[in-house]
Amino acid sequence: MNEPQVAEPVVGRRAGSAFGTAREQGRATLVGYLPAGFPTVAEAIEGCRVLVDSGVDVIEIGLPYSDPVMDGPVIQRAAERALANGFRVADVFRTAEAVAAAGVPALVMTYWNPIERYGVSAFARDLAAAGGAGLITPDLTPEEAGDWIAAAEQHDLDRVFLVAPSSTAQRIATTTAVCRGFVYAASVMGVTGAREQTGQAAPALVERVRRATTVPVGVGLGVSTGGQAAEVAGYADGVIVGSALVRCLLDEPDPAAARRRLGALATELAEGVRKR
């Protein structure tokens, strides 16, 4: 009997490889977020390519949702525009495919309801087929994630869950036990958004997470400058930036100018995580 053919892995498939490469270089990993379909599908893909070209190591692709209870105003406005412009879930796979082809991991950041509507197994199948690395699921708890964990195992996808400063030691242990790729440490309580200062609880949270797991820890929710990126890179394995990048596209009506602004900020952030 002939052995089954194993497909060649897609370049940039897994987030852990990006964290490993950054660690070998003695620096933190830079994770950048942009919503799919904003302001259009094509322009979102171009924005992701700008991030890659500017030194971002992992791309979070947001799945626009009509009830983004945890998102700040910047990401909410971007999601609303994407939905108004006809965004469909299939556009996430197109975006992930483009990011993976550019050579970096593509993680989809999404609320759980759209995945349930699409079908957990079907979404995992289609994301893997597009070369996506996995999912970041901010409103899904490990106790409710059985179907997703099984589908992720079947399709070799990363599972990124969130911990917060309020998380107990038991909650951190439970959450990190099912994470693969990295653990997302929310540095501040409340909705997302760029801030003048990163959360003061973040270093202690990272230390608590590291006592529970060897999976890399990325810190997000608040980073907006190269200086802040350097600060977070001093104690975390990854620096996650969302609203500040989205604002570059939201505030600038000219697409070419928006991409230049996006590239300039991404370059500043990439330099920040590379400071020794």
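I looked up Glu60 and found it in strand S2, residues 58–62. Strands here are DSSP runs of E with at least two residues, helices are runs of H or I with at least four, and both are numbered from the N terminus.

The model is predicted: local features need pLDDT of at least 70, side-chain atom pairs count only at pLDDT 80 or more, and totals for chains, interfaces and linings use all residues. Residues are numbered from 1 along each chain as its sequence is written, and side-chain values use heavy atoms, with hydrogens and water left out.

I checked the accessibility of Glu60: it counts as buried because its relative accessibility is 1%. Buried means under 20% relative accessible area, exposed over 50%, and partly exposed in between (1.4 Å probe, protein chains only).

I listed the contacts of Glu60 (heavy atoms within 4.5 Å). Leaving out residues up to four places away in sequence, Glu60 touches Val31, Gly32, Tyr33, Leu34, Leu107, Met109, Ile136, Tyr184 and Ile240.

I then read the UniProt record, an unreviewed entry, which lists Glu60 and Asp71 under "active site". UniProt positions are given in the numbering used here, feature names are shortened, and annotations may be inferred rather than shown by experiment.

Asp71 sits in the loop between S2 and helix H3 (73–84). At 15% relative accessibility, Asp71 also counts as buried.

Last, I looked at Arg88, in the loop between H3 and helix H4 (90–101). Arg88 is exposed, at 55% relative accessible area. Its C-alpha atom is 38 Å from that of Gln25, 63 residues apart along the chain.
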